[in-house]
Amino acid sequence: MEPQENGVKNSLQNREDNQSMPFLPVSDVQKMEKEKLSCRTILLILLVVLAAILALTVGLLVWHFHLRTQGRIKKVFSGSLTITNQRFSDYYEDCESTQYKELASQVSLQIKVIYSHVPVLSKYYERSSVQAFSETIDDSVIAYYLSEFSVPVSQASAVDEAMYAIEQNVGPRQGRMSPSLGRRLGNILIFNDMISGAVDARLVNSTLRRNYKFTHHSHTGEIGTIESPGFPDFPYLSNTYAEWQLRADPGHRIRLEFTALNLEKDCHNDFIRMYNSLAPTEKQVIAEKCGYHTPNEQLIYLSSGNVMLVTLVTNREKNYPGFRAKFSQVPVQIQGCGGKLTGMNGTFTSPGFPSQYPPQIRCDWDIEVPAGKHVKVKFRQFSMCEPDQSSHYCPKDYLEINNKRMCGEKPANTVHSSRTNQIKVTFFSDMSYVDQGFFAQFEAFEPNDPCPGKFQCNNEVCVNHLLKCDGYDDCGDMSDERNCVCEEFHVKCKNGFCKPKYWQCDGVNDCGDNTDEENCGHCKAGETLCRNGHCVPKYKMCDGHNDCGDGTDESNCPKSIVLTCSEYTYKCKNNKCISKQNPQCDGDEDCEDGSDETDCDCGTRPYKSSRIVGGQDSVEGEWPWQVSLHMKGQGHVCGASVISNNWLVTAAHCVQDTENFKYSQPEQWEAYLGLYTQSESSKWTVQKRIKQIISHPEYDHRTYDNDIALMKLDSAVNLNQNIWPVCLPAATHEFPAGQEVWITGWGKTREYGSLASVLQKAEVRIINDTVCNQLMNNEVTPHMICAGVLAGGVDACQGDSGGPLSSLDPDSGRLFLAGLVSWGDGCGRKNKPGVYTRVTKYRSWIREESGV
Ligand code: 4AZ
């Protein structure tokens with residue numbers, strides 16, 4: 001917070017001035033003058049007066065300096081307290097009612113009295129205001145308030161400590177408040193259970209507009225809706241604080257389910273918070289959210305009591321659509337929170353799973369399997385994260401099993417077992433921050449055979465024997481890859497692992513100690529391998545000289561240099577070539593004429609996220625260049641990508657005539673842009689006819705070489721957040737082996753499976769050309785690029801053809817079209833990557849044919 005230069009400072013200064021004014025010597029001078037004092041005495045007095053004036057001036061200067069450096073800060077605390085001698089009335093939910101106003105002013109007054117007993121608080125106290133009241137199960141009233149202090153910076157922690165001490169006094173452990181505050185005098189209110197804490201500075205920013213405050217009371221069987229002002233037609237306002245107070249009947253919780261959440265992705269700027277209170281008390285934050293969240297993410301929150309506060313804070317820039325959420329009341333009792341579990345196996349979860357568990361809840365399970373057996377608990381999913389949590393001691397939310405605490409995120413299939421037929425599990429969530437929790441299975445096992453027919457990993461996971469020493473970490477702790485004897489088709493890593501030979505020199509450090517990536521070129525230690533095969537000393541990198549001769553040593557540097565053009569340099573519009581690797585649309589003007597930063601309305605998408613074989617549902621709008629090509633009478637046949645408002649790019653093999661179908665005829669096709677689920681058009685979906693198809697003249701239907709075609713839409717499409725072009729990479733754009741890239745499409749989800757309904761996405765890696773060619777019987781031409789997961793299981797498949805292989809450029813955050821789905825040996829097979837059309841090879845052809 002900014003130190004404040006306000007009136008308080010001035011009045012303090014005046015007061016201090018007066019305090020330093022007892023100039024006794026002045027009156028002494030006057031008295032002595034009357035008595036006609038000697039010259040020596042007068043001289044002495046004058047000296048004393050001069051010294052006093054000097055001291056005063058120095059004092060004033062010091063004080064002035066002190067005030068300049070010691071500004072004041074506004075500290076706002078929020079809290080709640082129970083009024084035990086006041087019965088709840090419905091009027092207290094209406095802040096306009098007389099009853100509300102009377103009780104509110106009495107509470108504010110008494111809070112002031114509480115602070116008046118503590119010097120450090122009374123000195124800096126400004127005001128308190130009641131924010132709301134709610135009802136407890138025993139008909140008492142809970143008051144929610146804000147208290148404001150104007151505090152010198154140096155006193156800020158003293159104020160925090162004093163506030164903490166007050167809370168302890170009026171807190172739950174003492175029962176009633178301290179005698180001086182808690183005695184019932186006349187109609188004084190009795191306070192109890194105080195919870196308070198500083199309010200997040202972003203919420204008290206004085207520049208925020210505060211005219212949005214909504215209150216709702218939920219009733220059984222009813223579902224209400226809250227949404228950001230203007231949602232979904234208008235973006236939310238800048239610099240605004242909005243709040244929604246949600247109440248339920250006593251004995252219930254609030255259940256809040258987000259059906260849409262689309263905010264700026266940086267939570268420092270715009271964010272939503274849910275509180276387990278009606279005041280924004282820091283220690284009662286249930287969760288903070290920002291960015292985009294897909295509707296199938298299940299953002300469901302529960303309060304511990306019968307209230308919840310939702311706040312939205314926005315800053316000056318970048319306004320997004322906002323949010324919509326449903327709220328309802330549910331009974332406090334949650335099914336499946338603890339109990340006795342018996343039998344040979346079973347499952348149990350954190351309360352509310354897969355929704356977020358509520359704050360302030362504890363569940364205890366006693367698991368018992370038949371006598372003579374032992375029991376193991378396997379966590380299929382485990383996530384109990386919260387800010388400032390120590391993953392070692394887990395003092396906040398935790399799960400305790402065998403007296404050992406777990407918190408944070410754990411890999412799937414984490415196992416804990418006991419040496420008896422019983423195991424105790426405790427789940428605990430504290431007052432603040434919640435997470436999704438866990439899904440666990442328990443299972444009885446024979447003590448002498450914990451993994452029947454399988455290999456037991458060190459972490460107690462059981463894996464198939466065939467997975468031992470196959471180069472993959474199937475256990476999760478690498479124990480299936482230790483103590484292996486490498487076969488002739490393995491690389492022997494220095495650290496003892498064996499990895500498939502195919503993985504050698506593919507740009508990925510598979511061994512972990514880089515053994516598989518060493519000696520790939522012919523450079524000596526301390527040298528770096530240039531793309532043209534030369535070796536140069538490492539210290540010559542980024543020294544401003546083109547030591548490699550092809551610019552490699554100057555291509556990954558903060559500043560690019562002008563070079564003679566080669567296949568490794570980027571050519572600017574003025575025909576000069578620069579050394580920087582992939583400078584196109586990266587936000588820095590690298591060319592003298594700035595041409596590397598023109599035509600950059602591409603490759604961005606509004607949604608982040610936090611079939612294809614082995615993929616997952618994408619988020620609607622996540623791949624706005626993805627197109628579904630339908631053949632009349634056949635439905636979805638191929639994928640394509642938007643590259644401008646009237647051109648698509650797809651695979652040539654999608655538009656070749658067969659005996660029965662004329663795929664090369666534009667009128668046979670319908671292109672669906674902005675589509676997410678097949679046969680479910682949304683407001684974003686645009687159907688277009690095709691005016692022209694240009695297949696690459698050198699497409700070879702036997703080898704799939706030059707597998708690229710352009711399609712011109714019959715009319716231009718309006719580009720929007722769900723329909724947006726991907727960036728076309730320059731001819732010299734590098735997609736190095738090992739780079740992560742995304743495949744997307746509605747193709748088959750298994751080699752012999754059926755098409756996907758929802759657009760699928762999967763992450764794969766670029767595979768080294770030589771490795772790929774070896775794996776694919778030397779059928780990979782220089783016009784092709786390979787990508788996949790050599791372990792198998794993740795791949796493009798039939799129906800994905802023509803669709804994009806998108807590569808995220810980490811510097812610019814833009815996605816570039818690295819490839820077009822072209823062919824493969826089956827789908828998702830081990831050591832059979834997908835083969836894609838290498839788009840960089842066709843940059844000038846695309847420009848010549850389409851002007852894009
Ligand atoms: C196809 O039939 C196809 N695994 C596309 C991609 C791949 C295999 C087949 C890659 O269209």
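The S-S torsion of Cys486 and Cys498 is about -90°, so this disulfide is left-handed. The model is a predicted one, and its disulfide count comes to 16.

**Cys486 and Cys498**
- The sulfur atoms of Cys486 and Cys498 are 2.1 Å apart.
- The bond links distant parts of the chain, 12 residues apart: Cys486 sits in the loop between strands S26 and S27, and Cys498 in strand S28.
- Cys486 is partly exposed at 24% relative accessibility, while Cys498 is buried at 0%.

**Cys267 and Cys290**
- A disulfide with an S to S distance of 2.0 Å joins Cys267 and Cys290.
- The torsion about this S-S bond is about -90°, which makes the disulfide left-handed.
- Cys267 is in the loop between strands S8 and S9 and Cys290 in the loop between S10 and S11, so the pair ties together parts 23 residues apart in sequence.
- Cys290 has 8% relative accessibility and counts as buried.

**Cys797 and Cys827**
- Cys797 and Cys827 are bonded with their sulfur atoms 2.1 Å apart.
- Their S-S torsion is about 80°, so the disulfide is right-handed.
- Cys797 lies between strands S43 and S44 and Cys827 between S45 and S46, in loops, so parts 30 residues apart in sequence are tied together.
- Both Cys797 and Cys827 are buried.

**Other cysteines**
- Cys95 is partly exposed, at 39% relative accessible area.
- Cys385 is in no disulfide, the nearest cysteine sulfur being that of Cys407 at 8.1 Å; Cys385 is partly exposed at 30%.

**Helix H4**
- The 19 residues of H4 (98-116) should span 27 Å, and the end C-alpha atoms are 27 Å apart, in agreement.
- Buried residues of H4 include Tyr100, Leu103, Val107 and Ile111.

Methods: Residues numbered from 1 in each chain as written. Predicted model: local features only at pLDDT ≥ 70, side-chain atom pairs only at ≥ 80, totals over all residues. Heavy atoms only, no water. Helix = DSSP H or I, 4+ residues; strand = E, 2+ residues; numbered from the N terminus. Expected span 1.5 Å × (residues − 1). Buried < 20%, exposed > 50% of the residue type's maximum accessible area, 1.4 Å probe, protein only. Disulfide = S-S within 2.5 Å.
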